[in-house]
Amino acid sequence: MIPRHIGRMSAGIAALILVVAIVDTPWETAVARGFFVVSIGFGLIAGSGLIGARTQFATAFVILTLAVAQRLPGQAVSNPPSPNWTRTISDTSELAEHRFSLTETAWKAALSKSATTSLLVCAEAVLDQPDAMTVTIATNNGTVTRVVGAEDAHGAHPRPDRGGFYRMPIQRDLFDRAGEATVTVSTSKTLTPPLRLCGTHSIRPGVDPNASRFFSGTEWITPPGPTSHTRWLIELRLADQRGRTILAWY
Amino acid sequence: MNFQNRQPLGPRRDLAAGACAFAIAGIAINAVRPDDSVSTVPLLLDLAVSLWATIWVAVFAMLSIGSVIPGVRRMFAPDPELVEPDPPVGSSGFRSGKRDWCFAILLALICVAEWGTHGGERNGFLASSRPEAGMEDWTAADGYATVLDGHPAQGDGLFLLNLVGLFTAERPSLSGEFDRRAGHVWLASLLQRPLGSYWAFALVNLAGWYASAIGVWWLGRHRWPQTWTGELAAVMVATGQGFIFMSTAPQAHPAAFGAFVTGLVLFDRLSLWSLVQTRRERWEAIIGPAWMTGIAGLLYFGHIPLLLMTWIFGGPRMRVQSLVAVSAGAFAIVTAWQVVGENLLGLRFSGGNNDLAGGAIRIWLRIMSEGGWSLRWQFHAGSIRGLLVGAFYYPWWILAVIGIYASPRRSRTWALAILAGTLLPAIAFSPQFRLPRAAYFAFPAVYLLAGASVSMISQMIATRITARDDRWRTAAGLVACAVVIAGLATLTNLDLAGDQTFNVWFHEAQENSW
C-alpha cells in the first residue's frame, strides 16, 4: 500500500515540477524548460522507480526543489571578462604598457632553470611591414628596444582575422635580480591598416589589476579593455634547453 | 527462445574479427608502397596496432550487427546467454548491507577528493592547454580559459552561458556551438541560481562522476558475481583519467559518461537482452532503454555509442524489431529537441561543434577516394594506438586484455560489445579530431575487465603467499588489490605533482610516440 501511495505522490510531484518550470516565464524559456522537464526530469523519476517507490519519491522531490530553486532570485548569469579583445593603435603617440612583477617564487624558480627567455606580443592581423611595432622592455639592468614585424610571427595563428603572437628574444641577463620589467608597445609609424593589439583577461592571483594600461596620446587609461580583470596579451616566456616552455608569465 | 539446438558450433565473432584484422593489417602493411609510416620499428608497430585495432572493431561490429540475419547468426558459435540465461538481477545486485553503504560512501569521498583537488586552475582540460604543457603554441599563459564567477574554467564555458540564461529566463534564445548538448546545460541551470555558473557545471560533473562509479560497481556485481571486479572497477572510475581531466570543466562529458553507464545498468535491469519476456516486459525493455539512449544524446553524443553497443551485443540475441524500436525511440527524442529548438526557439544546430561529425565523414570519403596509400597513411597520421593510449594508458589496457581471459564468456562478450561500440565512433571521428575523451566512453568495459584481472591476480597471490584460513587469504587479496589500485591512481594523479603528460595525452592523443 505504501509504495502505491508514494507512487501516486511521485506522479503528482512530477506534474507540479512541470507547472513550476513553465508558469509565468517567457515563452521561449517555458518551451525549453518544458522539453527537458518532460524528457529528462520525468524520465529520471520513472527510472528511479526501478530502485524503489521511496527512491522515486525522493528523486521527484529533489527535482521539484531544483525547479523551485531555478525560479528564485539568486546569482545572475554574468558574462566573464572577454578573453579576446583588441585595441587599435593608430598613432605613434599612443602607447600600450604592461608591467611584470618578477619577485614571485614561480618566476625565480623557472628563471633559474631556463635556457632562453623571450617576449611575446599578440597583435591581430598579419603585420606585413617589417617594422610594424616598436617594443621596449626595461628592467633595472637596462633597456632593450626592438622593431618587430612580419618575420617575428610565432605560432599557429597570425592571420588577417585572428590574433597571433610576435616573438622577441631577450637576453636572460636582463632579468638577473630584477624585481620588475616594463614593456611598452607602440607603432613605429602610421600604418595602413592600423595595428590592433590583443588583450585578454587577467586570471592569475597576485597580478596587479593595473599592470596593463594605455596612453591615448593625452592621458593614461586603466584598465585598457572593455571590462575589469583585463590585460594586454604581452607575456614573457621561459624555455628550457630543448626549447620547451617552462613558464608563461604576465 | 533457445537457439542452442538450432545453431551449429562455429567460430567466435571476436576471434574471427581478430583473424580478419591480422590478415587485412598484414596486407595493408606489405602490399601498399612503403613510406615514412613503416620506416622504423616503432612507427611500423604503431601503424600495425592502429590498423589491427580499427579493423577488429569494425569487423567485430559488422559480424555482430550482421547476426540479426539468421544466416549470418548460424555461421558463429552461439553466445552464452542463448545457452544459459543471465542470472536474475536481484541475485547479484546491491544488498543494502552495511558494507555496501560503507563502500558507497568511500566511493563518494574518493570522487569528491579527486574532483576538489583537480578543480579551478588545476583542471586537466585547462592546464593541458597552457603553453607549459607543450601542446598548444597559440594560447596565452592562462590557457584556453574563461572566468566563471571569478573561477578559472575551461574556455568552452563561455559559449554555454546563453543557453544557461535561456533556462533561467535571463536571456532570449540565441543559437550557439552547443545547441545539441542543451540537456547538460538544463541540468546545470537547475543549480545556477543558488550556486552560480561555475559550481553548477562543476556539481553536474560530480554527479555524473559518482553515478558512473556506482553504475560500474553495479555492473561488476551483476556480470562478475562473487568477485571484487565491481568494487575495483568502481574505484578505477573514481580515480579515472577521463573524470579527473574533466573535474570542474564546464563540459558535458561527465554527465554523458554517467548517462552511458546508467543506460547499461538499465539495459540489464530491464532485461533488454533477454529472449524470455512477456509482452509487457518486452515493451518496458524497449521504452526504458530508448528513453535513456535519447537522454544520452541530449547531453552529448552518448546515444551513438549506446546504440552501437546495443546493436553489437543485441544483434546475435535480440529480435531485430526490438533493436529498431530502441533506435527509433532514441533518435525520436534527440530529433524532437532539434525540431523544437529550430522551429520554436530559433536555434540553428549548425556551426562549430554541431557540424564536426559530418566533417569527419567527408574527410574519410576523401581519403578513401585517394586510394590505399592515403588510407594507410591516415592510420599513421592519426594514430589510433595513440588515441586509445591517450584515453587509457598501457597498464589499464594490459590489465583489460588479461581480464578478457579472466572473465566468464558472457561478461567478456558484453564487455567486447561495449569496447567496439564506443571505440568505433572515436575512430570514425579521428580524421577530424583525435579525441581520447570520445574513446573514454569505453571505460565501463576497460575498467571492469581490468578489475576482473586484478581480482584474479590478487586471488592467485593471496593463495600463494598464505596457507592460513580464508580470512587471511581475503586480507592478503585485499592488500594486493589496494597496491595495484594505488599504483594506477598515482598515475592519474601525476598532474598534482606538476606532470601534465597524461592530461596532454588525454587532450589530444599520444600521436606516434610510444
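## Nonpolar cores

In this predicted model, the largest nonpolar core comprises 162 residues. Those that touch the most other members are Trp337(B), Phe392(B), Trp414(B), Phe443(B) and Tyr447(B). Helix α9 of chain B, spanning residues 197–223, supplies the largest share of this core, with 12 residues.

The surroundings of Phe392(B) illustrate the packing. Residues up to four places away in sequence being left aside, Phe392(B) touches Trp397(B), Ala439(B), Tyr440(B), Ala442(B), Phe443(B), Val446(B) and Tyr447(B). Another core, of 42 residues, lies apart from the largest one and includes Ala96(A), Ala110(A), Val135(A) and Ile203(A).

## Chain A: overall composition

Chain A contains four helices and 14 strands. Of its 250 residues, 47% are buried. The accessible surface of chain A amounts to about 11,900 Å², and carbon and sulfur atoms account for 56% of that area.

Contacts in chain A between residues at least 6 apart in sequence were also examined: 73% of these join residues at least 24 apart.

## The six-stranded sheet of chain A

An open, antiparallel sheet in chain A is built from six strands in the order β5-β4-β8-β2-β10-β11. Strands β5 (142–148) and β11 (220–221) of chain A each have a single partner strand and stand at the edges, so one side of each lacks a neighbour in the sheet.

Within this sheet, strand β2 (residues 95–101) of chain A pairs with strand β10 (residues 212–215) of chain A in the antiparallel sense, over four bridges. Glu97(A) has Arg213(A), in β10(A), as its bridge partner.

Technical notes: Residues are numbered from 1 along each chain as its sequence is written. Chains are lettered from A and ligands numbered from 1 in the order in which they are written. This is a predicted model: local features need pLDDT of at least 70, side-chain atom pairs count only at pLDDT 80 or more; totals for chains, interfaces and linings use all residues. Side-chain values use heavy atoms; hydrogens and water are left out. Two strands pair if DSSP finds at least two bridges between them. Helices (H or I, at least four residues) and strands (E, at least two) are DSSP runs, numbered from the N terminus. A nonpolar core is a set of buried Ala, Val, Leu, Ile, Met, Phe, Trp, Tyr and Cys residues joined through side-chain atoms within 4.5 Å. Buried means under 20% relative accessible area, exposed over 50%, partly exposed in between (1.4 Å probe, protein chains only). Contact means heavy atoms within 4.5 Å. Accessible areas come from the Shrake-Rupley method with a 1.4 Å probe; for residues, only the protein chains shown count as cover.
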